[in-house]
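Dear colleague,

Please find the structure below, together with its sequence. My notes on what was found in it follow.

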Amino acid sequence: MPEPTRRRERVIDGMHAAWEALIVLLVCINLGLILFDSLFILQPINDALAGWAPVLHQRYDTLIHQNFQHIDLAFVAIFIFDVLLGWTVALFERRYARWYYYPFAHWYDVLGCIPLSGFRWLRVLRIGSLLIRLQRLGLIDIRRWAVFGLVNRYYLLLLEELSDRVMVRLFSRMQQEIGASDDLSRRLLQEVVRPRKERLLNDLSRRMHSMLESGYRDNRGAIEGYVGGLIHQALLNNPEVIRLRRLPMGGRVADTLDEALADIAAQLLQGAAEGLQSPQFRRLARNLADEFFEAWVYQDENTDLALEELLVDVIEVLKQQVLDRRWSRFVGPVQPPSPPG
């Protein structure tokens, strides 16, 4: 932003802040008069003031108390003029998208013009507008005030409480709809799971292929030893091999047969592992994944009920998580999250 434009905006903000300060001063005077006049009509305070300062009591009663409605209406006229002036300035500055947005954005000023006791105190909110302008001008830094820290802390607490209430209510509503709906699980499978079938099958077959390949590579020695041990044990328990060992040179033949079968099994495992990259195995893995998918999405009364109960329980866990963490951030200072690992 060019420097002349920035300087002009600071001048405009300064003029707005000066006018806001004047209005805030008038608001304080007006509310002070309202408070004092409310106490003045109380008989004990009235008698005490008459005994302590009779001249001041007489002047206040004659000049202000008896004409208090007219004085308050004069303040109301000033505040109405302020609203109209602010509305006009907002139109010239094009501060809002529509001309009628101003009274809604400054509702406290509009309602504060109503000469009723309940609405008069809304004029105090004008102080917040002044503080925002002074903050924008750099004359004050509200964020360093202890009051701002306290208010901001409880403001965040209020937002946390409201958001948690809304989330818990939404979760409860979802649980009720799941319990009342008979076709929810069917819709989930048909509208959420089945449209993603191809992607799920590709991922499942890829994972199956990777699992088999890496599992054999990392445990090749143990697998071959295990298979060789099974062959050796089977030959030891086989009656024909036992009779063969009783023949002359039969033990050597049986040992040779044991080694040959173990070597054949190892070659078969090696060939199967190398064949994991072949198109035949990929088709086999895809067919297995497709069978698994169809078995998983198979529906009957029991599977529908089980899926609905699962969803209800998951939502209940989420509700408890929200309720348990509701006050955790406000019991003490917020600690930064620890890095994983």
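A residue is called buried when its relative accessible area is under 20%, exposed when over 50%, and partly exposed in between (1.4 Å probe, protein chains only). At 10% relative accessibility, C113 is therefore buried, whereas C28, at 43%, is partly exposed. Disulfides number 0 in this model, a disulfide being a pair of cysteine sulfur atoms within 2.5 Å.

Please note that this is a predicted model, in which local features need pLDDT of at least 70 and side-chain atom pairs count only at pLDDT 80 or more, while totals for chains, interfaces and linings use all residues. Residues are numbered from 1 along each chain as its sequence is written, and side-chain values use heavy atoms, with hydrogens and water left out.

Overall composition

The protein contains 17 helices and 0 strands; these are DSSP runs (helices H or I, at least four residues; strands E, at least two), numbered from the N terminus. Of its 341 residues, 24% are buried. The exposed surface comes to about 24300 Å², and carbon and sulfur atoms supply 64% of that area; accessible areas come from the Shrake-Rupley method with a 1.4 Å probe, and for residues only the protein chains shown count as cover. Among contacts (heavy atoms within 4.5 Å) with a separation of 6 or more, 70% are between residues 24 or more positions apart.

The axes of α11 (residues 197-218) and α12 come within 4 Å and cross at roughly 80°. Axes are lines fitted to C-alpha atoms, for helices over the stretch in contact, and angles run from 0 to 180 degrees between N-to-C directions. The two helices α11 and α12 are therefore roughly perpendicular, the word used for 65 to 115 degrees, with under 35 roughly parallel, over 145 roughly antiparallel and the rest oblique. Here G215, Y216, R217 and D218 of α11 meet R220, I223 and E224 of α12. This contact of α11 with α12 comprises 2 nonpolar, 1 polar and 4 charged residues. Ala, Val, Leu, Ile, Met, Phe, Trp, Tyr, Cys and Pro count as nonpolar, Asp, Glu, Lys and Arg as charged, and the others, Gly among them, as polar.

Helix α12 (residues 220-237) also approaches α13 (residues 239-246), their axes coming within 5 Å and crossing at roughly 70°. That makes α12 roughly perpendicular to α13. L235, L236 and N237 in α12 touch P239, V241, I242 and R245 in α13, a contact with 5 nonpolar, 1 polar and 1 charged residues.

Residue R94

R94 lies in the loop between α4 (68-93) and α5 (102-105). Its phi is near 55°, a positive value in a residue other than glycine. Most residues other than glycine have a negative phi. R94 is exposed, with a relative accessible area of 74%.

With kind regards
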